[in-house]
Amino acid sequence: MLQEVERKFLVKGEFKSRAYAHHRMVQGYICSERGRTVRVRISEQKGFLTIKGPSDDSGITRFEWEKELPLHEAEALIQLCLPGKIDKTRYLVQEGDHVFEVDEFHGENAGLLVAEIELRHADESFVKPDFLGEEVTGDRRYYNSELMKNPFSNWM
């Protein structure tokens, strides 16, 4: 079975100068229900279709399947998505043996910065860079599929 093992953190400090790459992405959801999402993403002139299952109790592990699509197919599929797109710039920051994906959200989620790290197993140790703030792993408000429905700008 395909498992994603991921932890999420709010970002509290400067990270952009440490990024070795960054790219803009837009994504939408064909299905966004508790325990199952079907996402379409366009990034760097490529498309991706991703299916995610329910998270475990900790929010760290869940089923994930992803397939690259031709850009024209992803552009057609994104037209079928539910209202509310996610627009963000993703920065890649190497820390020790791991890469942190730091998402700077735009549009209705502007002001939100979230760092994610993918791990091989749930209890794997990793070096925490100084820009990491509060851990929000398992907090559904920070799932992109939830940000689509209840954007960060509504939280204030």
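This is a predicted model: local features need pLDDT of at least 70, side-chain atom pairs count only at pLDDT 80 or more; totals for chains, interfaces and linings use all residues.
Now the overall build. You'll find two helices and nine strands in the chain, and if you walk along the sequence the order goes β-β-β-β-β-α-β-β-β-β-α. The radius of gyration is 15 Å, close to the 15 Å the globule rule gives for 156 residues, so the chain is as compact as a globular protein of that length. The C-alpha trace spans about 40 × 35 × 35 Å along its principal axes.

Let's head inside. Buried residues are 49% of the 156 in the chain. As a general point, nonpolar side chains in soluble globular proteins tend to be buried together. Here, the largest nonpolar core has 15 residues, and Phe100, Val102, Ala115 and Phe131 touch the most other members. The elements giving two or more residues to this core are β1, β6, β7 and β8, with β1 giving the most, three residues. There's also a second, separate core of 11 residues, including Ile86, Val136, Met148 and Phe152.

Is Glu4 buried or exposed? Its relative accessibility is 4%, and buried means under 20%, so Glu4 counts as buried. And what joins the side chains of Glu4 and Lys52? That's a polar contact of 3.3 Å. Beyond its near sequence neighbours, up to four places away, Glu4 also touches Ile60, Arg62 and Glu118, among others.

Notes: Residues are numbered from 1 along each chain as its sequence is written. Side-chain values use heavy atoms; hydrogens and water are left out. A nonpolar core is a set of buried Ala, Val, Leu, Ile, Met, Phe, Trp, Tyr and Cys residues joined through side-chain atoms within 4.5 Å. Buried means under 20% relative accessible area, exposed over 50%, partly exposed in between (1.4 Å probe, protein chains only). Helices (H or I, at least four residues) and strands (E, at least two) are DSSP runs, numbered from the N terminus. A polar contact is a pair of N or O atoms within 3.5 Å; within protein, one must be able to donate a hydrogen and the other to accept it, and residues adjacent in sequence count only if both atoms are side-chain atoms. Contact means heavy atoms within 4.5 Å. The radius of gyration is taken over C-alpha atoms; the globule rule is 2.2 Å times the number of residues to the power 0.38.
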